[in-house]
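Here is a short tour of a structure for you to follow on screen. Keep the viewer open and pick out the pieces as they come up.

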Amino acid sequence: MPEEPNPDRKKNPWVQVGRYSELALMLPAGTVAGWLIGSALDHWLHQSWIGIVGMVLGTAAGLIQLIRTISRDTQ
Amino acid sequence: MGAFQLSATDYLLALPMTLLTLFALGILLIDLMLPPEQKWANAITAFVGLLFSAKAVYNIQHWLGGQGGSYGLMKTLLVDHFAIYFFYLFLAATAIAILMSVRYLETEHENHGEYYALMLLSVVGMMCMAAGADIVLIFIGLELMAISTYVLVGFLRRDRRSNEAALKYLLLGAFSSGIFAYGLSLLYGMTGSTNLGVIGGSLAGLVREPQYKPLLVIALLTTLTGLLFKIAAVPFHQWAPDAYEGAPTSITGFMSVAVKAAGWAMLMRILLWGLLPMRATWVPVMVFVSIATMTGANLAALTQTNTKRLLAYSSIAHVGYMLLGLVAGTATELNADGVKGILIYLLVYTFMNLGAFGVITSLRHRNVVGDELDDLNGLYSRAPVEAVLMLVFMLSLAGIPPLAGFYGKYFIFLSLIETGHYALAALGVLYSVFGLYYYLKIANAMFMRQPEKGEERLPVSYAMRTALGVTGFATIFIGILPNRFIELVNWALGIAQTTNIAKLTH
């Protein structure tokens, strides 16, 4: 059985700051990470399109993670 | 002192407002003769009044031709392209809000002619604010709009929330108007004029004299307090969530777009014309207010469970983004894209936010109040078209391309990057993601949760269908083909009589 989150921990302001920062950074972080990985692959494989694809995939991953967080929070 | 005589130009420039006033008074008279089951005729009269007023605005636009603008009523009224742009915006927002109101007022058993008359009178006030070249006319316009809106917020007489909201709004509004009037009186005292052009000219000299600095700062801060209150920027935003939640939903939509746009028109008239010589002083204040507004509103919106309150906080957050458009530029010069971004933002915001409130208003039927987040649960299975439209409005509010909301944010962030405000641009983008979280929370409720009140389909009136259709179409259309609307904004700013705005596009 999953452990119930400690309510005191949830009320901790630093936990709240961490949670909200995570929300704000999820999408941009996914986008930047996808773009960086794609650009590295571009450089390695001498291509020019993988960076864009990586950016799109990173954005999609960030968005999916955001939707998962929303689903979890609204349960 | 010679007697004041109205010229033909005065009549022409005041005609949009005169027509609206006559129609408002006409509604009050006609309402007395209408039986209760035919009160919807008031909405039609109001709608016709808006059409007549729009035609009068068009006539002025045609009459102006290549001319930038024209003064009227002893140089207190300035109808230029900037004013005409806002006139159309107010009329469109009011027309959509009227379409949203017809069935809603019947459901609430509050279908009275005063509702529509007050809406038209508040538009008269808004027009005075957008076309005011004199601080006295601007202030009178502001009060006409505000007093009409106070009554509209409390229009659901049997609802305690509505009464409480109206009282809070009235008290805080009256307080802020007092501070604003104090600021304007100081400006008059220092410059000897109530005309914005003369005030701007005098201030350009006064800012160079150190002995005037303390008084100038007090005048600026008190004037800014009034202006920021009207657009609901933090820390003067406390009235907005309560007023939005308690007001009839159709009025909440009306307030969030038309009243806000009027506040912005007034703010831009005063700051970009009369107070432009003090730009170096008001920009740091705007930076602080903008960051506080984005932070406070976005964080507060995250935890809301009432959709109207959530959209109220989202509306406050949008003010934070728009204020960044005023910050972009140097200490003395504005950035064209920043101001353009504000006008585009107000245009797209009118449609997407009214659309969102339209969907919430449409949920009011059949014992469903519709303003709690849980009321949206499983909306897709009950009313798929409304749910999809709501998703479009939410994504547009979040600024996702290719929807209309993207362009407002795009020009504002672009202006910040152009003028080297990278940190502010990054902050704005990060807060936009916060916005995405709470907008998707609404989408999550509509599409991924089960309805609690069975699978019944919700009936929607033809007027509401038209309102949702227009707002949905505009949100998508402006997003896909933005050029025409960007040209419209360029036109509104390019030849505006306010010489400082005219400089922007060259």
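Predicted model: local features only at pLDDT ≥ 70, side-chain atom pairs only at ≥ 80, totals over all residues.

## Chain A and its side of the interface

Let us begin with chain A, whose secondary structure comes to three helices and zero strands. Read from the N terminus, its elements run α-α-α. Chain A has 75 residues, of which 19% count as buried. If you look at its contacts between residues at least 6 apart in sequence, 52% of them join residues at least 24 apart.

Where chain A touches chain B, the contact takes eleven residues from chain A and 13 residues from chain B. On the chain A side, the elements that give two or more residues are helix H2 (13-45) and helix H3 (50-73). H2(A) provides the largest share of that side, with six residues. By class, the side of chain A that touches chain B has nine nonpolar, two polar and no charged residues.

Leaving aside residues up to four places away in sequence, Leu120(B) touches Leu20(B), Phe23(B), Ala24(B), Ala46(B) and Gly49(B).

## Helices H11 and H12 of chain B

Two packed helices are described by the angle between their axes and the distance between the axes. For helix H11 (residues 279-302) and helix H12 (residues 307-327) of chain B, the axes come within 8 Å and cross at roughly 155 degrees. Angles over 145 degrees count as roughly antiparallel, so H11(B) and H12(B) are roughly antiparallel to each other. H11(B) passes H12(B) in a left-handed crossing.

On the H11(B) side, the residues making the contact include Val283(B), Met286(B), Val287(B), Ser290(B), Thr293(B) and Ala297(B). H12(B) contributes, among them, Leu310(B), Tyr313(B), Ala317(B), Gly320(B), Leu324(B) and Val327(B). By class, this contact of H11(B) with H12(B) has 18 nonpolar, five polar and no charged residues.

## Helices H13 and H19 of chain B

How do the axes of helix H13 (residues 336-362) and helix H19 (residues 483-494) of chain B cross, and within what distance do they come? They come within 10 Å and cross at roughly 120 degrees, which makes H13(B) oblique to H19(B). H13(B) passes H19(B) in a right-handed crossing.

The contact is made by Val339(B), Lys340(B), Leu343(B), Ile344(B) and Leu347(B) of H13(B), together with Phe485(B), Ile486(B), Val489(B), Ala492(B) and Leu493(B) of H19(B). Sorted by class, the contact of H13(B) with H19(B) has nine nonpolar, no polar and one charged residues.

## A look at Ile140(B)

One last stop is Ile140(B), found in helix H5 (residues 135-153) of chain B. Why does Ile140(B) count as partly exposed? There are 16 other C-beta atoms within 10 Å of Ile140(B), and a residue would need 20 or more to be buried and 12 or fewer to be exposed.

Note on methods: Residues numbered from 1 in each chain as written. Chains lettered and ligands numbered in written order. Axes fitted to C-alpha atoms, helices over the stretch in contact; angles between N-to-C directions. Helix = DSSP H or I, 4+ residues; strand = E, 2+ residues; numbered from the N terminus. Parallel < 35°, antiparallel > 145°, perpendicular 65-115°, else oblique. Left-handed = near helix turned anticlockwise from the far one by under 90°. Contact = placed C-beta atoms within 7 Å. Nonpolar A, V, L, I, M, F, W, Y, C, P; charged D, E, K, R; others polar.
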